[in-house]
Amino acid sequence: MKKNISHGGREQQRSAAVRKAAISPTAQSKKPSSSHSFSIVGLGASAGGLEALEQFLAHVPKACGIGFVVVQHLDPTHKGILVELLQRSTAMPVIQIKDRMKIEPDHVYVIPPNKDLSILHGILHLLEPAAPRGLRLPIDFFFRSLADDQYGRSIGVILSGMGSDGTLGLRAIKEKAGAVFVQTPGSAKFDSMPRMAIDSGLADVVAPVEELPDKIIDYLQHVPLLVRPDHEIAEKDQSALEKVVILLHAQTGHDFSLYKKSTIYRRIERRMGLHQITKISDYVRYLRENSQESELLFKELLIGVTNFFRDPEVWEQFKNKVIPEFLAARPNGGMLRAWTAGCSTGEEAYSLAIIFKEVLEELKPAKNFSLQIFATDLDKDAIDKARAGIYPANISADVSEERLRRFFIKNEHDYSVKKEIREMVIFAPQNLVMHPPFTRLDFVTCRNLLIYLDAGLQKKLMPLFHYSLNSGGILLLGSAETIGTATDLFTPLAGKSRIYRRLDTSRQPNLIEFPSAFTRTRLDTVTASSAQTAATPQAPNLQSLADQLLLQRYSPAAVLVTNEGDILYVSGKTGKYLEPAAGKANWNLFAMSRDGLGNALSEAFRKAIRKKVVVVLKDIKVGTNGGTQTVDITVQPVTSPEALQGMVMVVFTDVSRQSVAQAPGSSERTTIHNAQVTAMAQELRQAHEDLQATRNEMQTSQEELKSTNEELQSMNEELQSTNEELTTSKEEMQSMNEELQTVNHELQAKVDELSRISNDMKNLLNSTDIATLFLDDALLVRRFTTQTAKIIKLIAGDIGRSITDIVSTLDYPGLAEDAQQVLKTLVFVEKQVSAREGRWFTVRIMPYCTQENRIDGVVITFTDITVAKNLETALRKAQSDLEKRFSNQTAELGKARNKAR
């Protein structure tokens, strides 16, 4: 026993380190409500849990600085001795919990029988069980309370047990960024609880029970070094965080740059703690080297935590007030549409469907309403689970018995959503911040998703939801979410719940940013920032430096413009030729041209664009500050590289003035006069050329306009008549396209499922020795097994033929009549009939019943009883022989008696 309690010097040193870390003030995650500074571990166990608990506690080091709370399924009528049994395995005090007992480190607290347990500010509270015996889920109850009280410091452990208790509680712990440890199912006496936790994707660590204490301690040793209060993330950590976002986008295709950095950082810290990594830069390297970790981090960031009828008072208001008032405003009934964004595993969408069904049943007078729900989520695995519609038995904690009986099918270990509810919901994967939204909706629910997105994205999503909803549509958000500044788009309904009604507003649709417009920019910014940080300086190249020097000092001034003259790029000093125009900023080449440059440049530009040639202007006088400058201008359409095709390069080259010695006086005045005359002549000639070019263009344009005028007039009426139709149908087409994509995912999943079922059925029928024949209600062959072909001459081509047209080896001429009689009376028929070669069969004819309890033909089975029949004949013959012998012996005995007399 001492060996179990103490693990030697190494364990004592590590225990001291863990205790120091566990009680550190920095060991707090996001706003835990308790004032204590050590970790609390919840242990959940059921059948076979005593042995697992003993092994767990035996491997917990002494003075570890952790408080343990044990919640086990106990007999409510029996005084347990669990405290005494566990005390033998550990040196820590083991105490049965009393109401309002404060948790202390290095103690083990055990729940008493017939009580529910909760925790608030580190103090344990006992409550009377609300659920009847057999339906209680004490582990779920405590784990949820632990998550609400401890947030990121909450730790849940699932050990051996039957059922699914604990799964819902683990979801709450994961939502608060806590950690989940699960016993390996192979080492558990009863593996139902551990396997359910693993299959739900909630387990962070799965290990044999004796290794779990070490795993928890290693986790706690690293987490306090990483977790910090909410504050500005350090610059080096910011860079590493951006690298993580880029790696996730590269490996999963999803952009998390618009998520709150604090949320991403906490989730990364949790993963680092589980891997015992202390530096986020080391985690970036680990992420690059392990593709599986990218998938796990991706799942971690999705935070797919939900349950049926979350926040029950909100759903009650939705049922009793919101939906009835909404339906009352639509007296003609009709199809309503809803969108559940971020549906996770489907509980939210099914809750809405159930509520709507209940409202319709209570509606008087009854109206013809139906609801189509589109449920989407980023996690494809969660969508697959939602489509299956199968949930663990512990949903009874959130769903009333009446609703379970009305809308679910009870299986052996779980519940299935009934067909009437399942068909109301269409599930499909969708990225809310990248893919287009659904439109023409009456209800939108987006609960507990916006809290993980940054404020800028939340602000952009509100107009998007407004655009998706019809006039008067309803928006339902989570309890910690609001519409922010979008008060001109939505108005809150009565009560504290986050239910809003859409307002009609004058905001223009073109002011709405769709996801495709606002996600790419953010990721590009992150990528550029990270690339700049990660760039490694290269040694300078002599040739590149020389080329750069020549370009700076000797290359002419130039601008790259579009075919409209808008400036895209400026090279060199262009201030002598271009200057900003007064008024609103205008980066157009012609608006910025200095005096003397505008007309000539405009004409040359048009000519270059029209004829696709290089146009050169010589000796153009450009007005500068206080003088003139002679310049040559080259206008060249760009044809290569391909990225610059369609653009125009305009190059300005100064013409140097010749130094000519001139005599003073009249000679100087003559030179000035001649220069002025030459300039005026050049301007006159340029104006004449411009006028002639304009006339040519006008004539060409007039001819083109005349030829197209009649065509435009004839098309005008048609365009006007179709314009309104196109405008009104655009939104409908977009909605239909989204629905088709969603339905396609749904149908593909159903096709795959039907294919598997068909293969299973085929193998089952072919593997049995009982010949089986399926007929429809017209007695046409629908399906048969290979054994049937040996009795009735059937081939694959006989499917669809009447049974009366097929040759049989049976001496059973009334087979068709008996089958018809079964269809009428629904009473099965069983007969023994003979066949050729002395064979006998028991023929059993039964009605074929579908899942909807509809009769759709008959099923005929042929059981070979030849051996039994031969044995029966032999027995009858033996019995006859015995009777004859007995008769003869009796007669002889009578004769002997007569002689004796």
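Modeller: Contact here means heavy atoms within 4.5 Å. Helices (H or I, at least four residues) and strands (E, at least two) are DSSP runs, numbered from the N terminus. This is a predicted model, in which local features need pLDDT of at least 70, side-chain atom pairs count only at pLDDT 80 or more, and totals for chains, interfaces and linings use all residues. Residues are numbered from 1 along each chain as its sequence is written, and side-chain values use heavy atoms, with hydrogens and water left out.

The sheet is open and is formed by five strands in the order 22-21-25-24-23, with antiparallel pairing; two strands pair if DSSP finds at least two bridges between them. At its edges are strand 22 (567-571) and strand 23 (615-624), each of which pairs on one side only. On average, neighbouring strands of this sheet are turned by 25 degrees against each other, direction ignored. For such angles, axes are lines fitted to C-alpha atoms, for helices over the stretch in contact, and the values run from 0 to 180 degrees between N-to-C directions.

Within the sheet, strand 21 (residues 557-561) and strand 25 (residues 648-654) run antiparallel and are joined by five bridges. Leu560 has Met649 in strand 25 as its bridge partner. In general, strands of a sheet pair through backbone hydrogen bonds, either parallel or antiparallel.

The helix in question is helix 23 (residues 598-611), which lies across strand 21, strand 23, strand 24 (627-637) and strand 25. Helix 23 runs at about 155 degrees to strand 23.
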